[in-house]
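This report is meant for someone who is meeting these two chains for the first time. Please look at the sequence and the model before reading on.

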Amino acid sequence: MDEALLRSLTPAVIGVLVRRGADFAAAEDAVQDALLEAVRGWPGDPPRDPKGWLVTVAWRKFLDATRADASRRHREVRVEAEPPSGPGKAADDTLQLYFLCAHPSLTPASAVALTLRAVGGLSTRQIAQAYLVPEATMAQRISRAKRTVSGVRFDQPGDLATVLRVLYLVFNEGYSGDVDLAGEAIRLTRELAARTLDEEVAGLLALMLLHHARRRARIGPGGRLVPLVEQDRSRWNTRLITEGVDVLQAALARDRLGEFQAQAAIAALHADARTAEETDWVQIVEWYDELVRLTGSPVARLNRAVAVGEADGPRAGLAALAELDPALPRHAAVAAYLHERDGDRVAAARLYAAAAEDAASLAEREHLTRQAARLNALLRG
Amino acid sequence: MARYLLLKHYRGAPAPPNDVPMDQWTPEEVSAHLQYMRDFAARLESTGEFVSEQALSPQGTFVRSDGEGRPPVTDGPFAETKDLIAGWMMIDVDSYERALELAAELSAAPGAGGKPIHEWLELRPAYGEPETITE
């Protein structure tokens with residue numbers, strides 16, 4: 001059985017149930033139950049029409065749950081047992097589900113969990129494992145999220161920007177557990193890109209593909225982080241790079257630039273260089289200028305200082321860095337890098353050690369500590 | 001989404017405002033304190049922010065290797081001056097501010113006279129995974 005196919009049907013099936021009159025929370029529960037039944041029963045006896053099967057089973061489960069609920073409350077069941085099935089609105093339903101699961105009233109963690117379950121079709125257990133929390137905690141997070149959006153009308157147009165932020169979080173901040181969150185984020189962004197012509201959706205998809213292409217080269221033996229300049233570029237996935245560049249070029253051609261397209265353009269310029277020395281840093285600085293103009297983001301300014309250091313020399317990079325708040329995350333790491341390029345190993349070693357103290361992940365801390373140790377060994381001669 | 005460890009100390013933390021040892025409380029005050037802690041954990045689970053918790057015995061030893069083929073060396077019990085951890089709770093929250101808010105809530109557990117202890121808790125961020133998109 002193809003679990004990915006099964007999961008890809010999730011939003012459309014929820015959509016059918018909602019259009020038949022089920023509320024979102026109950027429909028989502030019923031579809032999860034149907035998915036679990038499919039996982040158990042399909043390997044031996046797969047249905048010819050998987051979606052039809054899921055709709056039938058999920059609807060039955062919804063009716064059972066509603067009846068049980070109604071009899072507990074001594075109320076009458078008002079839902080028709082044999083509803084008319086609506087014409088092909090599945091695509092719109094799926095888009096509506098993305099909006100609902102990333103509704104601005106939800107916290108980022110809730111929106112991520114709800115999206116992975118209702119759009120991605122992952123089980124609560126899988127999501128809990130992916131985010132290293134107990135299943136009971138994740139179940140509560142999801143049911144609270146469902147209560148939070150229970151008053152939201154399903155047919156209201158939503159905000160694509162919040163959807164993109166949620167997908168970006170799934171891609172960028174997952175743990176490396178059994179569930180491939182980066183792959184899942186790409187799948188969900190691909191589905192979204194097939195349903196909208198929005199340039200930023202394409203931009204985010206390109207950004208993910210271009211970074212995912214480097215995944216094997218990013219991590220060395222023992223989980224060691226390998227910085228871009230040291231990566232073995234023959235291990236980059238050229239198929240993903242080609243797809244990412246194609247998606248990006250089609251988006252850029254429509255001339256509605258946004259932050260994800262600008263970030264993807266930077267990633268594409270890195271992907272385009274056969275060696276680190278061939279990197280077109282002048283163009284990368286120009287894209288950072290666009291990114292800073294679009295977002296004003298301090299992180300973009302910090303990365304711009306690195307690019308300026310490569311394009312115009314470390315002194316220029318340090319001058320760009322001097323304009324930024326030293327309290328920014330990774331400020332000391334960038335300063336250390338530029339000082340070493342400028343020949344000041346003493347300052348670089350001290351800054352790398354300071355940067356290690358402030359690292360946000362163990363892998364970064366180890367990388368920065370190793371840099372400081374390397375310089376200190378050189379300084380001892 | 002960030003994980004934080006709340007550390008509670010038997011000793012080693014600054015003295016709280018309501019600084020009466022637990023064995024001087026009334027039994028009802030002890031029960032009220034423990035109930036508060038249980039309710040706190042249950043509430044965190046219902047908000048989807050609970051990861052794990054563990055209380056620790058004050059009894060413990062230092063231990064180290066003494067070389068291959070030799071039994072480990074132990075030292076203890078811990079000296080009276082040593083920082084002594086009483087237990088931890090791991091939480092998974094949206095922000096540092098939320099972690100502070102929860103720590104303050106836990107710190108307000110009732111103690112002697114049924115009044116909040118305002119105990120000092122140690123809040124430590126856990127390392128996350130490195131971000132994929134860094135440039």
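Where in chain A is A:Pro227 found? A:Pro227 sits in the loop that runs between helix H12 (215–218) and helix H13 (238–252) of chain A.

## Model and numbering

This is a predicted model, in which local features need pLDDT of at least 70 and side-chain atom pairs count only at pLDDT 80 or more, while totals for chains, interfaces and linings use all residues. Residues are numbered from 1 along each chain as its sequence is written, and chains are lettered from A and ligands numbered from 1 in the order in which they are written. Helices (H or I, at least four residues) and strands (E, at least two) are DSSP runs, numbered from the N terminus.

## The loop residue of chain A

A:Pro227 counts as partly exposed because it has 13 C-beta neighbours inside 10 Å; a residue is buried if 20 or more other C-beta atoms, placed from the backbone, lie within 10 Å of its own, exposed if 12 or fewer, and partly exposed in between. A:Pro227 and A:Pro108 are separated by 119 residues in sequence, and their C-alpha atoms are 29 Å apart in space.

## Helices and annotated domains of chain A

UniProt, in an unreviewed entry, places "domain: RNA polymerase sigma-70 region" at residues 6–69 of chain A; its positions are given in the numbering used here, feature names are shortened, and annotations may be inferred rather than shown by experiment. That span, residues 6–69, is 80% helix and 0% strand, with its end C-alpha atoms 28 Å apart. For residues 98–148 of chain A, UniProt lists "domain: RNA polymerase sigma factor 70 region 4 type", again from an unreviewed entry, and here the chain is 73% helix and 0% strand.

Helix H4 (residues 50–72) of chain A has 23 residues and reaches 33 Å from its first C-alpha to its last, close to the 33 Å expected, where the expected span is 1.5 Å times one less than the number of residues. Its buried residues include A:Leu54, A:Trp59 and A:Phe62, and what covers the buried residues of H4(A) includes helix H2 (10–19) and helix H3 (24–41) of chain A. H3(A) in turn has buried residues of its own, among them A:Phe24, A:Val31 and A:Leu35.

## The fold of chain B

Chain B contains 2 helices and 6 strands, which follow one another along the sequence as β-α-β-β-β-β-α-β. Its radius of gyration, taken over C-alpha atoms, is 18 Å, well over the 14 Å that the globule rule (2.2 Å times the number of residues to the power 0.38) gives for 135 residues, so chain B is more spread out than a compact globule. Buried residues make up 14% of the 135 residues in chain B.

Strand S1 (residues 2–11) and strand S5 (residues 84–93) of chain B pair in the antiparallel sense over 9 bridges, pairing being counted if DSSP finds at least two bridges between two strands. B:Leu5 has B:Met90 in S5(B) as its bridge partner. S2(B) and S5(B) also run antiparallel, joined by 5 bridges, and B:Gln54 stands opposite B:Trp88 in S5(B).

## Where the chains meet

In all, 17 residues of chain B are in contact with 30 residues of chain A, contact being defined by C-beta atoms, placed from the backbone, that lie within 7 Å. On the side of chain B that touches chain A, helix H1 (27–46) and strand S2 (50–55) of chain B each supply at least two residues.

Note on methods: Two residues are in contact if their C-beta atoms, placed from the backbone, lie within 7 Å.
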